[in-house]
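Me: I would like to learn how to read the features of a model like this one, going step by step from its surface to its strands. Could we begin with the surface?

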Amino acid sequence: ELEIKDTFYRADLKIENANEIATVYLNQKKIATRISYPYDFDLTDHLSVGTNHLKIEVVNSLGRYMKDFLSQYLNFEPLGLSGEVNLELTHIKKTN
């Protein structure tokens with residue numbers, strides 16, 4: 001949950017590493033999906049005054065399960081979030 005007092009913020013969600021596919025939802029609305037780095041999401045136009053609910057869904061693709069002879073020797077990274085998740089809120093001035 002994220003409490004917002006006014007809507008004059010720029011909101012950038014940065015996920016360091018999300019092995020493999022990350023989808024971000026804000027207030028039960030799908031914002032975007034990223035399938036590789038950078039896992040950056042602009043939430044600015046989706047924030048509302050009051051309590052906001054943020055959900056990050058990470059799933060893997062079938063690629064790591066469809067192994068051929070050579071890929072059986074590849075070292076796969078761990079699944080899921082494996083780094084920092086930062087929400088950067090920058091207050092912006094109201095323009096008339």
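Reply: Accessible areas come from the Shrake-Rupley method with a 1.4 Å probe, and for residues only the protein chains shown count as cover. In this structure the chain exposes about 7000 Å², of which carbon and sulfur atoms supply 51%. Please keep in mind that this is a predicted model, in which local features need pLDDT of at least 70 and side-chain atom pairs count only at pLDDT 80 or more, whereas totals for chains, interfaces and linings use all residues. Residues are numbered from 1 along each chain as its sequence is written, and side-chain values use heavy atoms, with hydrogens and water left out.

Me: What percentage of the 96 residues in the chain is buried?

Reply: A residue is called buried under 20% relative accessible area, exposed over 50%, and partly exposed in between, with a 1.4 Å probe and protein chains only. Here, buried residues make up 28% of the 96 in the chain.

Me: How many helices and strands does the chain have?

Reply: Both are DSSP runs numbered from the N terminus, with helices being H or I of at least four residues and strands being E of at least two. This chain has 0 helices and 8 strands.

Me: In what order do the strands of the open sheet with E2 stand?

Reply: Two strands pair if DSSP finds at least two bridges between them. In this case 3 strands form an open sheet in the order E5-E2-E8, with antiparallel pairing. Strand E5 (39-42) and strand E8 (85-91) stand at the edges with a single partner strand each, so one side of each is left without a neighbour in the sheet. Strand E2, residues 9-15, is joined to E5 by 4 bridges, and Asp12 has Asp42 in E5 as its bridge partner.

Me: Which strands form the open sheet that contains E3?

Reply: The order is E4-E3-E7, again 3 strands in antiparallel pairing. Strand E4 (29-34) and strand E7 (54-59) are at the edges, each with a single partner strand, so one side of each lacks a neighbour in the sheet. Between strand E3 (residues 21-26) and E4 there are 5 bridges, and Val24 stands opposite Ala32 in E4.

Me: Which residue lies over the face of Tyr25?

Reply: A charge sits over a ring if NZ of Lys or CZ of Arg is within 6 Å of the ring centre and within 35 degrees of the ring normal. Here Lys55 lies over the face of Tyr25, at 4.9 Å from the ring centre.
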